[in-house]
Amino acid sequence: MRELLIFLPVYRIGTVLWNDVTKIKVMDDLENLNYKYVVLVVKNPNQYIMQEPTAIKKRSLMLKLHQYGFPICFSIRALDCSFKELYAVIISRYQAIRGVNAVIVSD
């Protein structure tokens with residue numbers, strides 16, 4: 001599998017190529033410390049922002065870039081799973097493509 005399709009009930013980010021992902025980080029939500037984000041660090045974050053056609057969604061991605069350093073952030077707020085399950089799925093797919101030595105950082 002070369003691509004990760006990201007679909008969330010609130011909005012669709014689109015296709016994020018695994019080759020664009022340089023590492024995965026876990027970060028605290030700045031507004032609610034009960035939540036964490038899985039953040040995909042991509043080579044060119046502005047590319048993902050600029051490909052968003054809707055102004056309000058583009059603004060949301062820009063705010064995430066400003067607050068977290070990267071626009072592609074996942075929480076479990078709109079998903080029916082635990083953070084541990086979300087993280088495990090993302091990490092397993094990333095390591096399957098990039099290898100077991102892929103860069104994963106916890107903040």
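1. A salt bridge is a side-chain nitrogen of Lys or Arg within 4 Å of a carboxyl oxygen of Asp or Glu. Asp-28 and Lys-36 form one, with their closest N and O atoms 2.7 Å apart. Asp-28 has 34% relative accessibility and Lys-36 has 35%, so each counts as partly exposed (buried is under 20% relative accessible area, exposed over 50%, partly exposed in between; 1.4 Å probe, protein chains only).

2. This is a predicted model, in which local features need pLDDT of at least 70 and side-chain atom pairs count only at pLDDT 80 or more, while totals for chains, interfaces and linings use all residues. Residues are numbered from 1 along each chain as its sequence is written, and side-chain values use heavy atoms, leaving out hydrogens and water.

3. The protein chain has an average pLDDT (the predictor's confidence in each residue, from 0 to 100) of 80, and 80% of the residues score at least 70. Over residues 1-11, pLDDT stays under 50.

4. The whole structure has 2 salt bridges. One of them joins Arg-77 to Asp-29, with the closest N and O atoms 2.4 Å apart. This pair links distant parts of the chain, 48 residues apart: Arg-77 is in the loop between β5 (72-74) and α3 (83-98), and Asp-29 in the loop between β3 (21-28) and β4 (36-42). Helices (H or I, at least four residues) and strands (E, at least two) are DSSP runs, numbered from the N terminus. Arg-77 is partly exposed at 42%, whereas Asp-29 is buried at 1%.

5. Glu-52, in the loop between α1 (45-50) and α2 (55-68), is buried but has no salt bridge. Lys-57, the nearest side chain of opposite charge, is 4.9 Å away. A polar atom of the Glu-52 side chain lies 3.1 Å from the backbone nitrogen of Thr-54.

Notes: Contact means heavy atoms within 4.5 Å. Lys and Arg count as positive and Asp and Glu as negative; His and the chain ends are not counted. A polar contact is a pair of N or O atoms within 3.5 Å; within protein, one must be able to donate a hydrogen and the other to accept it, and residues adjacent in sequence count only if both atoms are side-chain atoms.
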